[in-house]
Amino acid sequence: MSAAGYRYGRDAIGTLEIRNGRVIDPASGTDRHAPVYVADGAIAAIGDAPSGWRAERMLDAAGRVVAPGLVDLAARLREPGLEHKATLESELEAAIAGGVTSLACPPDTDPPLDEPGLVEMLKHRARLINRAHVYPIGALTVALAGETLTEMGELAEAGCVAFSQADTPLVDTQVLLRAMQYAATFGHAVWLRPQDPYLARGGVAHEGEVATRLGLPAIPAMAETVALSTIFALVRDTRVHLHVCRLSTAEGVAMVAAAKREGLPVTCDVAVHHLHLCDVDIGWFDSMAHLVPPLRGTRDRAALRAGVADGTIDAVCSDHAPVDDDGKQLPFGEAEPGATGLELLLPLTLKWAQEERVDLASALARITVHAARVLRVPAGSLAVGAPADICIFDPHHAWRVTPAALRSQGRNTPFAGYELVGRTMTTIVGGQVVFEA
Amino acid sequence: MPNRNPQLNADGALTHLLTLEGLPPAVIRQILDTAVPFVGIAEREVKKVPLLRGKAVFNLFFENSTRTRTTFEIAAKRLSADVINLNIGASSTSKGETLLDTVDNLVAMDADLFVVRHAQSGAPHLIASHLIAKGRTHVHVVNAGDGRHAHPTQGLLDLYTIRHYKGDFANLTVAVVGDVLHSRVARSLIHGLTTLGTAEVRVIGPRTLLPAHVESMGVQVYEDMRLGLANCDVVVMLRLQNERMKGALLPSAGEYFKHYGLTMDKLAAAKEDVIVMHPGPMNRGVEIDSAVADGARSVILPQVTFGIAVRMAVMSILAGA
């Protein structure tokens, strides 16, 4: 099934030719049938073969799309410390099965990613496992406690590409201002999920008819907009590169659009499940639909879908959060929030595109080049000379989501039983085939 | 799948009682009709019928409640069931046993019916779905109050009481007063009243104690108590929990009583033959004045009596031979 044992090192790398596929590279606007030539772990050419070309391996991609490997802005790998939920091995296997070749992992591990040693160990483990590229997001404050800044310089050297609080709110606005000032000094990006901790206190579901009916403690949309207005006021002053994580409300989309019009250095993502589900999907207390931020109303969902289409929201991410059965087989409010998502990012993004009549290249941009720009890493394109991270998928392959068949250790998905279209057939990382369906 | 309400089986028959929401009117009427003869049993010399003889009823209380547990216990014993009371509180989780582990263990002890109270909304749904998934279709769950969500037997006994004194629901105006936000009693009663075609259901309270979009449940919202009580046939007072009397929801019990406490004076806005209900336990001088609670319009004690009959009806329909 995969080529375990390959290394990124030069010795193992040969030449590879991908024939008969429809090459879509949103970064360059390419969308045509052409062969792709891979050598030395990089894209050597598309279309005309380099001079003296000899392929050690050929892949037939007839009827398939050859796209850049997907870039996921939020995938929890649960290491270190939470290995009962998932391990690097299981989740990186899930990543490549989903066509994801680069992923950012939030710092909400145990302990949180607030020390260079932890980040180095994570990077080291990921290199050994030799699957998708792992880009850790460092903790913005020590232990995510919101009091003391982390050593951002050391953490960046260890491999952190940005700094965040994950889902732990930073209550003290002065510390938040200082963190932004400090990060801006050194050009670090700050990622924040906007949620006012007081307005969200105790809540587990969107404040609306469903939460009222079910008697679930609610999180109002205001929790997001109040936090966004604070964040944007601080960005206006500090000019820090700010990435808004997991937008969830219609009002939030409008505020991000306004901030961008104003010229603030702001980018934004949404979790792919928020493009398809809303609070009604909680049904009778389905803990699989207990997510953070909460699934909101149909109006919010429509605004998020439009926001991705018009570019207000730069990228779509899986917000992958594997949870074991024990964490989900609890009453809704006590169940651990989150959904497994790495293997569903591609088909759910394609589903959105198909329903919104967005062309394939534009859809792929949201999970490749645009995400890579947010992450500020060399990924998400098929440019000549770029790393040969490639996702070859069948855009017409229909399949049913069966939790037990997922490679992720977390089988927690609200999409169980859905029929989705689009399946990763081959994943290539650094020129090596690491996954074949 | 959790998206189907597990309380009705594929044939539409009641297998668990989890909420009044979505119950067909005929099922609610069947329960109320079944309760009628049980009211008379209390006046007989032998207060027992053999409908649940040989059945084991487990009172599974994850949240303390002497009162509700006692009424279920009496109801089960009058049906000749064996009753086992388990006050689990928070201790089981601290021992590491999950809710469903506890349930599996009790099923292995041949439980026939669980009466479940839990602080989390949806806990009885979780148990019922689990039993269905495990094929334990002969084991039934009665929700005795889950979080803010539902208290269906309380809702049913309220409906029984209203029907007893007022007959049909079609011409009634019913006001529910107080802390609707945190009240499972209010939610269950509102669903029951709207299902049975009550002409007008009102909720009355300050904005801090009314949930968002409560009008979507089919009620009229009043913030002024006198306006809300005008021409009411039935007034249902909700209990105000101690911890909510002071803080960000309300400034004080005294100010609450001034605006929303039911006094004879305020009650004068309602119809002359209004009945006053309260799920108990009452906070005299907070949500209700003693003159009203003990007065001629109060049916608070008959509610308790009807409650036992209604619980007998529910358990006999679910687990009776």
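Start in chain B with helix α2 (residues 66-78) and helix α12 (residues 300-319), which pack at an angle of about 60 degrees with their axes 8 Å apart. Axes here are lines fitted to C-alpha atoms, for helices over the stretch in contact, and angles run from 0 to 180 degrees between N-to-C directions. That angle makes α2(B) oblique to α12(B) (under 35 degrees is roughly parallel, over 145 roughly antiparallel, 65 to 115 roughly perpendicular, and the rest oblique). Helices are DSSP runs of H or I, at least four residues, numbered from the N terminus.

Who touches whom? In α2(B), residues including B:F72 and B:I74 meet residues of α12(B), among them B:I308 and B:M312. Contact means that the C-beta atoms, placed from the backbone, lie within 7 Å.

This is a predicted model: local features need pLDDT of at least 70, side-chain atom pairs count only at pLDDT 80 or more, and totals for chains, interfaces and linings use all residues. Residues are numbered from 1 along each chain as its sequence is written, while chains are lettered from A and ligands numbered from 1 in the order in which they are written.

Over in chain A, helix α1 (residues 88-97) and helix α2 (residues 116-129) have axes that come within 10 Å and cross at roughly 60 degrees. So α1(A) is oblique to α2(A). Here A:L88, A:E89 and A:L92 in α1(A) meet A:R125, A:A126 and A:I129 in α2(A).

Finally, the chains meet: 26 residues of chain B are in contact with 20 residues of chain A. On the chain B side, the largest share, 3 residues, comes from α5(B).

Definitions and conventions
Two residues are in contact if their C-beta atoms, placed from the backbone, lie within 7 Å. Helices (H or I, at least four residues) and strands (E, at least two) are DSSP runs, numbered from the N terminus.
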